[in-house]
Amino acid sequence: MLKKTPLSAIMLALSATLLSCNYNSNNVTVKPTTKTQDAKQFVENAQLALQKVRLPSAQAAWVYQTHINQDTAALSAYLSEKSSSLSSELAKQSAAFNDVKVDSDTRRKLELMRNSLVLPAPADSEKSARLSQITSDLEGMYGSGKYCRSENDCMGLTDMSNIMSTSRDEALLLEMWQGWRQVSPAMKSLYAEEVAIANEGAKELGFADISDLWRGSYDMPAEDFGNELDRLWGQVKPFYDALHCHVRAELGNQYGTDKVPQDQPIPAHLLGNMWAQSWGNIYDLVKPKQELDVIDVTQALATHNYDEIKMVKQAESFFSSLGFAPLPDTFWERSQFTKPADREVVCHASAWDIDDKDDLRIKMCIQKTGEEFAVIHHELGHNYYQRAYKNQPLLYRESANDGFHEAIGDTIALSITPKYLKEIGLVENIPDASNDIGMLLKLALDKIAFVPFGLMVDQWRWKVFSGEVKPADYNKVWWQLREKYQGVMAPTERGDDAFDPGAKYHVPANTPYTRYFIAHILQFQFHKTLCDISGNTDPIHRCSIYGSKEAGEALNNMLEMGKSKTWQEALTTLTGKGEMDANAILAYFAPLKEWLDEQNRGRTCGF
């Protein structure tokens, strides 16, 4: 049994830390200046101030998520607000040096501070307070959302999503789809007000609007970044179109072509997901007809007596085989691996770096399944990335861009192949290549189906933020973009009051979404590069970098950079080229594309 620090001791330690910390940012307050030295001193003071608040804030957040109660919630919220307020104040103060000539390192740190805010509050205290209230209200409206068939028959999102993923009753699926979207119309006016206020804050920082701030966070001009995303989507689209054509045809067979017209976008309620963002739950409807020999990883784990800790130990051994140092003892003492029986916790898997040094942890409620086995490898990918950049200055202790962190975790998960499972003794035989189509199709339904959705969410927001799309057209443009990129349409006519973007968590929560699009591109680019470095001779989808010290060294060289250089420079360190490239996706799924083209012969494709 793992030794756990008593909650009372944690709370006492946090209280002591809180009392000892001075959260007043006056010591880093600046006035407009043209002095280079003032800018450098400001950066140093800012990093010290951020370091002071970062540790107790992380500790409080951990305690709340692993010991949910009123007191831990209040403490976490208080310290989170202090941390956010400090970051906001420093971002505004950093703008005073916009026109000061400084060295490239100081300029990068100033820009990172200025770009750190998702929704910058204006200086006007009343508007700032209003923005905070709206943000809280929108998250609360989403979190408490329910669909009620009657006064005593209500369902939350989890139950409704379960129905969406498993039911094949078209009428029930439509009911769930429409029911969840009843939670969002009331958000529309609040969202429009929130955008207007935050745009004022963005302008005070020197940005044209929030869109300019978000798109300008990627080490290239905002307009160029949008063009870069379109270029990447252009590489993936032919493969996506083939997948879309096959799925639409099979759904037509299942539900009838009156429900799924073969010359129109796919109705959004039939794809096994509340937002039609990933389609893996309908694999049984679109899978190959032939019998497939598929490894049951869940059964293999049970056969070899893997418990939750052994699953994590095996994931650690994957990284050890690449040459990474073992995880610290505190990782095993402080992580949450299983759901405690005596209290409420947040079970959503996450990786934590509490002290920016070696206090690494994961928080999971591990189920002994093949899917969870992959998730563990993914989460440890975050931990090893966090440890790799720990010696960087505070402002550089982050991934090269916000897509890199997710991409690293997913890159590792791509190496959980039958070859890897055999090497670690979980299976005895590797199915032959004739079985690969099923695996590739299942993966494509989750990852490739997601790519256009990962792109269009922020395409919509950028248009809203810039004022190109007015509130009256929020919903109309949302569905225009979904039809354009995904080939997915609303299953019913949407009313004038509808606000379907608000039915997706990341919109009311103001969480940028382009990072997920980037991660889906980069993970395959990273995987192919690392496989090449490892000397792999198998098809790329069968490659595992397990045991390759050469691949581990190359990966670590990039990870250690953190955010100290542009993402283009970080990418060059690993791949030899400074641009993202989706051709690795095409190489990975080449056998599936050939199979899809065969299936689609004679079908009507396109949307």
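This is a predicted model: local features need pLDDT of at least 70, side-chain atom pairs count only at pLDDT 80 or more; totals for chains, interfaces and linings use all residues.

**Entry 1: a lysine and its partner**

I began at Lys 390, which is partly exposed with a relative accessible area of 24%. For this I took buried as under 20% relative accessible area, exposed as over 50% and partly exposed as in between, with a 1.4 Å probe and protein chains only. Residues are numbered from 1 along each chain as its sequence is written, and side-chain values use heavy atoms, with hydrogens and water left out.

What does Lys 390 form a salt bridge with? I found Asp 358, with the closest N and O atoms 2.8 Å apart. The pair links distant parts of the chain, 32 residues apart: Lys 390 is in the loop between helix H15 (370-388) and helix H16 (402-414), and Asp 358 is in the loop between S4 and S5. Helices (H or I, at least four residues) and strands (E, at least two) are DSSP runs, numbered from the N terminus. Asp 358 counts as partly exposed, at 31% relative accessibility.

**Entry 2: more salt bridges**

I used the rule that a side-chain nitrogen of Lys or Arg lies within 4 Å of a carboxyl oxygen of Asp or Glu. Searching the whole structure gave me 33 salt bridges.

One of them joins the side chains of Asp 105 and Lys 109, at 3.1 Å from N to O. These two are 4 residues apart in helix H4 (residues 104-114), so about one helical turn separates them. Asp 105 is partly exposed at 33% relative accessibility, whereas Lys 109 is buried at 5%.

Next I checked Lys 237, which forms a salt bridge with Asp 241; their closest N and O atoms are 2.9 Å apart. Lys 237 is partly exposed at 28%, and Asp 241 is partly exposed at 23%.

I also noted a network of salt bridges that links Arg 54, Asp 356 and Arg 397.

S4 and strand S5 (residues 360-363) pair in the antiparallel sense over 4 bridges; two strands pair if DSSP finds at least two bridges between them. Ala 351 stands opposite Ile 362 in S5.

Are the faces of strand S4 (residues 350-353) covered or open? Both are covered: Ser 350 and Trp 352 on one side, and Ala 351 and Asp 353 on the other, are all buried.

**Entry 3: helix H13**

Helix H13 (residues 308-321) has 14 residues and reaches 20 Å from its first C-alpha to its last, close to the 20 Å expected at 1.5 Å a residue. The expected span is 1.5 Å times one less than the number of residues. Among its buried residues I listed Met 311, Val 312, Phe 318 and Phe 319. Just after H13, Gly 323 takes a positive phi of about 105 degrees.

**Entry 4: aromatic rings**

I paired rings of Phe, Tyr and Trp (its six-membered ring) if their centres lie within 6.5 Å, calling planes under 30 degrees apart stacked, over 60 edge-to-face and the rest tilted. By this rule the count comes to 39 aromatic pairs. In one of them, Phe 453 and Tyr 513 sit edge-to-face, 5.7 Å centre to centre and with 90 degrees between the planes. Phe 453 lies in helix H19 (residues 450-466) and Tyr 513 in the loop between strand S6 (488-489) and helix H21 (514-534), so the pair ties together parts 60 residues apart in sequence. Phe 453 is buried, with a relative accessible area of 0%, and Tyr 513 is buried too, with 2%.

Ring pairs also link Phe 318, Phe 319, Phe 324, Tyr 384, Tyr 420 and Tyr 546 into a cluster.

**Entry 5: a positive phi in a loop**

My last stop was Asn 510, in the loop between S6 and H21. Asn 510 has a positive phi of about 55 degrees although it is not a glycine, and it counts as buried at 6% relative accessibility.
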